[in-house]
Amino acid sequence: MGFMTRSTALKVAAVLSVLVAIIGIVAFDLPNLVLGAEDSRDPFALVLGSFTSDVVALVAAYGAWRLQKWGAVLLIAVNAFWIIQAVGSLLFDTGAGAIAFASVMLVHHVTVISLCLWRERVVSAV
Amino acid sequence: MRSEAAARRLYQLLYPFLLIWYAFVVAALCAVAATWPHRPIGSLDEIPWWSHAIAFAVVAASWAPVSAHLDRSVYQLAFGQRDNAYEVAGHVSRQLLPSVAAALASTMSLPYVEIEADGRVVTSHGAAPEGAPITAIPLTFQGHPVGTLRVSARRRRDRLSAADMRLLEDLGRQVAITLHATELSAAVQQSREQLVAAREEERRRIRRDLHDGLGPTLASLALRLGVLQRSIEPDPAAATALAAELRADVRQATADIRRLVYELRPPMLDELGLVEALRNLTGLPRVVTAPDPMPALPAAVEVALYRIAAEALHNAARHAEATGCTITLATDPHAVTLTVTDDGRGLPGDYLPGVGHRSMRERSTELGGTLHIGPAPGGGTEVVVTVPRATR
């Protein structure tokens, strides 16, 4: 684990989370929110939860980018929540596209959590 | 204290949370794999029981390394790297100079600040405007040059004022102290790594000696003792001859052990003390003078003085054709000085330090001491080594 500093790891985690949050907001949350609770293609509670988590992820990414501890913790929490969504999608969704997307997201979330817990190289003790 | 409590609370919450999460993710992945052929499933009840059993087995098998890894990671996230003082010190020193350069640039409105040491740029801040002159200010610490501070003027064809230069020279002294401290930190780290390397090398040598020397000898002795036992009655003459061989081998093994022990620490130091051990060294006739009583010295100091004296005696006999020498030990509350003076032909005009002299110098330097080798006042060569009485 010696090839990346902790600050770099947190910044990479922040960028990855911002990307996924923006994809989620643009591709899933906003279209459903615009349609409204009645006409939403997906359960509206799920849409609201997803939108909330995406916004929280953006805030957490800002904190992580500034190397703040709360940012890293919040990113871990959000990505842990997103893992539930990804696993649920892998178990219950139909369609190759949805499964491929959920698989990529699962890897993404595990990667982000690992980056938030990144440990810098420690000199071996005497 | 509040941040300490918050960090502890964070650790106490996040660590078990992530452990549970790890178990959940493993269980979910096992469920996905187990239900893959007939997916999508209608409800969680369709996940077979053996999927959970496999998940349980995987979690149980990987629990120790994963929990240890998570523990260290969450600990660092919560508390930082305070459990590794060297890492923290290194981090501070790495961050210090960039911060100093940035502070200089912002407080004096300088577009470019660069700190150089040993011919390389240690840190720089900003960029020099095109055509702006660069001013170099030498950084000195206690009279010794440690680097250079380079700053650019604020605008093209503009020069720094005399007041700016005075302020920069004053601030340069602080930068020099910081630079010196950073270099010291790096030197401490390097020294520490050398100590670790030396210890490992010593261990390797001892292991090699035990494995290649004593190990086979003792194994061979055991085998031949078996032969001896079986041949006592049928062939007493052969048994007697074998016993004589075995006795010689045991003597050899004993000598090997003695050599090994001697290389670790000369036994004479423990049996006789430093002064008597110096009197009993093999080599030139000598007169040993020491305080009576000789104050107790750390073991490392005793070994270093003993080996330096042995090397000096060896050199005097081999290279200087000396017939005698004097060894003087002198102590004060802080240091002990060993002086070896021979009556030989002295150092040659084209003297270059050899392996023995370098070894003596390394032994004294390791203990924070000094070594001087030069002509003795009355002819011959004088070796003077001074080491602190309290080893660091």
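**Exercise 1. State how many helices and strands chain B has, and what share of its residues is buried.**

Solution. Chain B has nine helices and nine strands, where helices (H or I, at least four residues) and strands (E, at least two) are DSSP runs numbered from the N terminus. This is a predicted model, in which local features need pLDDT of at least 70 and side-chain atom pairs count only at pLDDT 80 or more, while totals for chains, interfaces and linings use all residues. Residues are numbered from 1 along each chain as its sequence is written, and chains are lettered from A and ligands numbered from 1 in the order in which they are written. Of the 392 residues of chain B, 19% count as buried, a residue being buried if 20 or more other C-beta atoms, placed from the backbone, lie within 10 Å of its own.

**Exercise 2. Describe residues 12-35 of chain B.**

Solution. An unreviewed UniProt entry lists these residues as "transmembrane region"; such annotations may be inferred rather than shown by experiment. In the model, the span is 100% helix and 0% strand, and its end C-alpha atoms lie 35 Å apart.

**Exercise 3. Work out how H1(A) and H4(A) are arranged.**

Solution. Begin with the axes (lines fitted to C-alpha atoms over the stretch in contact, with angles from 0 to 180 degrees between N-to-C directions). Those of helix H1 (residues 6-39) of chain A and helix H4 (residues 96-116) of chain A come within 8 Å and cross at roughly 150°. That makes H1(A) roughly antiparallel to H4(A), a term for angles over 145 degrees. Turning to the residues in contact (C-beta atoms, placed from the backbone, within 7 Å), those of H1(A) include A:Leu10 and A:Leu16, and those of H4(A) include A:His108 and A:Leu115. By class, this contact has nine nonpolar, three polar and no charged residues, where Ala, Val, Leu, Ile, Met, Phe, Trp, Tyr, Cys and Pro count as nonpolar, Asp, Glu, Lys and Arg as charged, and the others, Gly among them, as polar.

Key. A residue is buried if 20 or more other C-beta atoms lie within 10 Å of its own, exposed if 12 or fewer, and partly exposed in between; C-beta atoms are placed from the backbone. Angles under 35 degrees count as roughly parallel, over 145 as roughly antiparallel, 65 to 115 as roughly perpendicular and the rest as oblique. Two residues are in contact if their C-beta atoms, placed from the backbone, lie within 7 Å.
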